[in-house]
Amino acid sequence: MNLSFTGADLIQSLLLGVALAMDAMAVTLSNSLCEPDMPASKKLAMPIAFAVFQMAMPILGFFGGTLIAPLIEAYAGIVSLAILAFVGGKMIIEAIREMREPEECSTQGLTYGTIMFEAFATSIDAFVVGVSLAAAGANIVLYGAAIGVTTFACCCVVLLIGRRLGVHFGPRSEVAGGIVLILIGLKAFLG
């Protein structure tokens, strides 16, 4: 396992973390707008749950991807581009769909179980990115930590200033996150 990294690796891991955090940020914003009088414990549960899942899933994907890495090592650049372009494209399409047809707030209050489900659902993309990181031979400790920390920080920022940003912030941030993922994939492909 590669544990060395450069300044460029650190910057790329933080950008990847922010890009992957966009789904979690959008859900955090939506939850806080739908339940404006949410207790502090639930507000804190969101960034923690999202960060833990966003950190764990790429690590799981990395080790799952390591099992098949010898098969795809020769094609690591194209595999990374394909995976990241797919995930980024999916984020962009979902965000555009959300902008056209905004979701309605649930009539039931937000539960801790719902928060855990949302954290899992928004981190599935991070699992796929972990497979891409295995193909690229990346430092998964650095990437996992960066993704978890940036997700936590981004969700906290949304909780602090989310209402002022309004409902339109969520989908637009997902489009930006998707574009960043595609650009990182292009960088991996071009070497």
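This report walks through a predicted model of one protein chain, from its overall layout down to single residues.

## Overall layout

The protein chain has six helices and zero strands. The chain holds 191 residues, and 46% of them count as buried.

How far apart in sequence are the residues that meet? Take the contacts between residues at least 6 apart in sequence. Of these, 94% join residues at least 24 apart. The accessible surface comes to about 9800 Å². Carbon and sulfur atoms account for 71% of that surface.

## Confidence in the model

The chain averages a pLDDT of 81. A score of at least 70 is reached by 80% of the residues.

Which helix has the lowest confidence, and which the highest? Helix α6, residues 169–190, is lowest, at a mean of 70. Helix α5, residues 140–165, is highest, at 89. Where pLDDT is low, the predicted coordinates should not be read in detail.

## Helix α1 and the segment before it

Start with the span of α1. At 1.5 Å a residue, its 28 residues should span 40 Å. The end C-alpha atoms are 40 Å apart, so the two values agree. Yet α1 also has a kink of about 40°, centred on M22.

T6 caps the N-terminal end of α1. A side-chain oxygen of T6 lies 3.3 Å from the backbone nitrogen of A8.

L3 sits in the segment before α1. Is L3 buried or exposed? L3 counts as exposed because its relative accessibility is 55%, and the cut-off for exposed is over 50%. Setting aside residues up to four places away in sequence, L3 touches N139 and V141. L3 and G137 are 134 residues apart along the chain, but their C-alpha atoms are separated by 9.9 Å.

## T28, a buried residue in α1

T28 lies in helix α1, which covers residues 7–34. Why does T28 count as buried? Buried means under 20% relative accessible area, and T28 has 0%, so T28 falls in that class.

What does T28 touch? Not counting residues up to four places away in sequence, the partners of T28 are M46, F50, C155, V158 and L159. The T28 side chain also reaches the backbone oxygen of A24, at 2.8 Å.

## Helix α4

Helix α4 covers residues 112–136, which makes 25 residues. From its first C-alpha to its last, α4 reaches 36 Å. That is close to the 36 Å expected at 1.5 Å a residue. This helix bends too, by about 35° at I124.

I115 is one of the residues in α4. I115 counts as buried because its relative accessibility is 1%, under the 20% cut-off. Leaving aside neighbours within four places in sequence, I115 is in contact with K42, A45, M46, A49 and L110. M46 is also a partner of T28. I115 and N31 are 84 residues apart along the chain, with their C-alpha atoms separated by 9.2 Å.

## After α4

What comes just after α4? There G137 takes a positive phi of about 70°. G137 is also the residue whose C-alpha lies 9.9 Å from that of L3.

A138 lies in the loop between α4 and α5. Is A138 buried or exposed? A138 is buried, since its relative accessible area of 11% is under 20%. A138 and F62 are 76 residues apart in sequence. In space, they are 9.0 Å apart, C-alpha to C-alpha.

How values were computed:
Residues numbered from 1 in each chain as written. Heavy atoms only, no water. Helix = DSSP H or I, 4+ residues; strand = E, 2+ residues; numbered from the N terminus. Expected span 1.5 Å × (residues − 1). Bend = angle between axes of the 7 residues up to and from the residue. Buried < 20%, exposed > 50% of the residue type's maximum accessible area, 1.4 Å probe, protein only. Contact = heavy atoms within 4.5 Å. Areas by Shrake-Rupley, 256 points an atom, 1.4 Å probe, with all protein chains shown as cover. pLDDT = per-residue confidence, 0-100. Polar contact = N/O pair within 3.5 Å; in protein donor to acceptor, adjacent residues only side chain to side chain.
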